[in-house]
Amino acid sequence: MKKELDEYLYEWTINLSNESKDRLSAHEIGEALKLTRSTVSSYLNQAVREGELVKIKSYPVLFLHKRALEAAKFTVDKNEYLSLDELMSEGKNHALAEIIGATGSLKEAIDQIKTAVLYPHNGLPILLMGMSGSGKTFLAERIHQYAIEEQVITSDAPFISYNCAQYYNNPELLSSALFGHTKGAFTGADQTHYGLIEKAHGGILFLDEVHRLSEEGQEKLFTFMDTGEFSPMGDTSIRQRADVRLIFATTENVYSTFLPTFLRRLPVIVNLPKFQHRPQSERLSLIDAFFIAESNILSKELQVSSQLVDFLLNSDLEGNVGKIKNIIKYACGSAYVHQKQEISIQVRLRDLPLEFSLKFKEQFSKPKKKLPNRRYLPNTSQQIYLESKQTQLLKEFFWEMLTEFKKVQQQISSSTKFIEAMANRVTQIMDEFMFQETYQKEESFYSVLTYHIRQTIDMMYENYGFEQDGHRVVSLASYLYLKDNADILGSHYEWQEQKTSLLEFLDTSLENTYWYAKKLLSHLSQQLDQDLFEEDIVFVAFYFYSLHINDLPSDVKSIVLAHGYSTASSLANVVNRMLEKNVFQAYDMPINITLDKVESQIIRYLNEYRTDAGLILLVDMGSFNQLGERLAKHIQSPMMIIDNVSTPLVLEVGSHIVQGASITEIYEAISVEKRIQKQLIIPEVNKKKAIITCCYTGLGSATQIQEILLKCLGESAKELVILPYDYKKLLQNKLYEAPFQLYDVLMIVGTESPKIHQVPYISVDKLINGEAVEEFANLLHSEISLDAQILKSQLIFNFSINKIVENLTILDANKVLLLVQRAVKEMEELMGIDFSNNQLFLLYMHCCSMIERILRKETVDEQEDIDDYIQQEGKNMELIHKAFQEVEKEYTIELPILELRLLNDIVKD
């Protein structure tokens, strides 16, 4: 019963309206679910006490689902309200938050305005700059509403708007309008007149086109701004006070039209972008808002042609937002006159004012694909047809994910299939966001996002070995920008039901990628002061999985533990500064701290930080040596403990860590005196089987080999550890290195043998050309089963990926290489030949670069003998062209003749 009742309340709360509110009464709930009223009432009141439901003490009494209200962005501070109106008024957003662009192009402006409004003692003067029609008057009115909401002015405080252009040719009348005048102040002043400043007392005075003020008018105004006093024209002996908040607006360059002394008194200058400079998503939202307003006025559904919306979206009109609003009003009115008897009004290009027909022809000189109408429904907040393409894509993904995960839970589908399918969908969505973006990348919030993502990844690299990558930064920034911190799944009941199970599943199945996603987004959430949604962790985890992000060996971590207020901190800080790197963390501990508490702090550190390469504890007392026995069951990598910590000891250990020494090397290098003890603790776990990869050029190439092997072995490698390691250390220290203590090493794969005779070595070159594939498979025979031929093919493919990624800048290397691989296989079948490994590698490299070259509209050099070449090789070129039809269709390109010739030359060779 509880589940059905919960579902019912959630759905009706999400879709709450005046017409449907009675569905949430105890009587209606009982009727709908065929339950007795007493049973329903008992459950509902218990749920209110437990904070799951909100009770509205109206007639009839209503019960609303609290989680559904929060999903609908209502702030719910208590469990009972006297009426729905009370709930709605307390929970709704403030006037500035509802402005289109408040979290986008106007975010900085809104923050500035809030600062100005909330500043003590009548706030700060605000100057709004922007072209005519950019929304200055509208924004000033919203500032007035916001000030009332924040109770810095009373609910009946005046808002007086005045356009200074009215009397700009007559400074006396303009001064009179602002400050008032006494009887006889000038010719025609027959009686005392109260100015706008006096009338605006206790409220807001909005002066539009303030650049029309003469220098004398500006001086009078800034005198009032300084003192709060003014004199009416005609009698400077009269000094009157007024509490007025000032908002100015101008379309001009402030530095050429205002006195410097006036500008100095304007601490808040807000720039409003013109319509065409706002992001497309905001322009579309503005257009939608105007059409919705017209739909409400006409009480008709409006179906607006995509051509008209596109024209408005891309028009650069002098009147900006105001002009767009007027055009929409005229077009809707024109369509209504001819279709007022229809249920739905069709608004087309022909309904535009005649003056815009020429502009339309100029703008649409090329044919455009016909898109469906945009539909606007009257008198409802549920505009179900107006979601952005990006939101629709994400919703579709999340709905599909929940559906497919349910199949995994029901054992209809495998977990591997689910993960791969979702990772592929995320890759497609990221491509869509990356290459069809609808925003300007110089926008402030996008820049802020990019900056913080880079900073966060730098932090993660420092602490966890997570590599920085430009493509990752741009992809994540695009996703977070376009999603705009929306809680897409917040109101989805199945998500609430499955969320815990799904997150636990991903935590177990994706391991490091899920952990990386959670860590990165948690840090970003704090930096940007935004909510963290689990749906974003899920999406980013799948994205990281699609990038094949794997474990990287991190530096040895070290903690200084010492008793006293700042003993450990002082030691760690001094040495970190000397080493110019944040090597040591510090735990300052009270004198009476128990060993249990110290142990719990270390365990928390082990859970939060990557300690693959080992952890060193530098402690001040020998009693802490007992930590080794306590922690042996918790650690997954070696741990070393040295007591009697001192500055020289910390510096010596830190120097070894900075130089990249392993924990075994550090243990051997640290010489101890009689009073100092050291111990090395190895994890009490069964050793995993491992493959070590190495390269004499460095760890970067070893990591590339690791990634190739992981991709080739796929799911089979789940129980294996493939560990990139420093070649020079292996060559020098042999079996004394940490991996041989932690793992059962099956083999070493690399570009040069480290000459460890007890462990088999396989050359990468022999793996790629096929010579060592059988030996490789035999060494793994007891762990996993391998098809040597498939492994050989996978090695060529994945080795190509690593090289191709270095050369591609706009294409997804995995996607394009899969398409090229299919095309090359088709070539083999059509032409009746088998390509050698070298030919395959060359074709993969050439074709991927060729596709990007064509997309960039770059051409190869002209060839004078092309006609003769076609006569001789035309048949082969036709077969090659046929093989690449899928590629052409996918990227909407056509392979030029000259490119086909280059491909044919590779095949012939």
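Is Cys164 buried or exposed? Cys164 is buried, because its relative accessibility is 0%. Buried means under 20% relative accessible area, exposed over 50%, and partly exposed in between (1.4 Å probe, protein chains only).

## Basis of the model

This is a predicted model, in which local features need pLDDT of at least 70, side-chain atom pairs count only at pLDDT 80 or more, and totals for chains, interfaces and linings use all residues. Residues are numbered from 1 along each chain as its sequence is written, and side-chain values use heavy atoms, with hydrogens and water left out.

## Overall make-up

The protein has 909 residues, of which 48% count as buried. It contains 39 helices and 22 strands. Helices (H or I, at least four residues) and strands (E, at least two) are DSSP runs, numbered from the N terminus.

The accessible surface is about 45,600 Å². Carbon and sulfur atoms hold 47% of that surface. Areas come from the Shrake-Rupley method with a 1.4 Å probe; for residues, only the protein chains shown count as cover. Among contacts (heavy atoms within 4.5 Å) with a separation of 6 or more, 71% join residues 24 or more positions apart.

## Cysteines

The whole structure has zero disulfides. A disulfide is a pair of cysteine sulfur atoms within 2.5 Å. Cys712 counts as buried because its relative accessible area is 12%.

## Helices H2 and H3

Two packed helices are described by the angle between their axes and the distance between the axes. Helix H2 covers residues 26–33, and helix H3 covers residues 37–49. Their axes come within 9 Å and cross at roughly 120°. Axes are lines fitted to C-alpha atoms, for helices over the stretch in contact, and angles run from 0 to 180 degrees between N-to-C directions.

H2 contributes Ala26, His27, Ile29 and Gly30 to the contact. H3 contributes Arg37, Val40, Ser41 and Leu44. By class, the contact has four nonpolar, three polar and one charged residues. Ala, Val, Leu, Ile, Met, Phe, Trp, Tyr, Cys and Pro count as nonpolar, Asp, Glu, Lys and Arg as charged, and the others, Gly among them, as polar.

Leu720 sits in the loop between helix H29 (699–713) and strand E20 (721–724). Leu720 is buried because its relative accessible area is 9%. Beyond its neighbours within four places in sequence, its contacts include Lys689, Ile691, Leu746 and Ile784. Asp744 is 24 residues away in sequence and 10.0 Å away in space, C-alpha to C-alpha.

Asp765 lies in helix H32 (residues 764–768). Asp765 is exposed because its relative accessible area is 56%.
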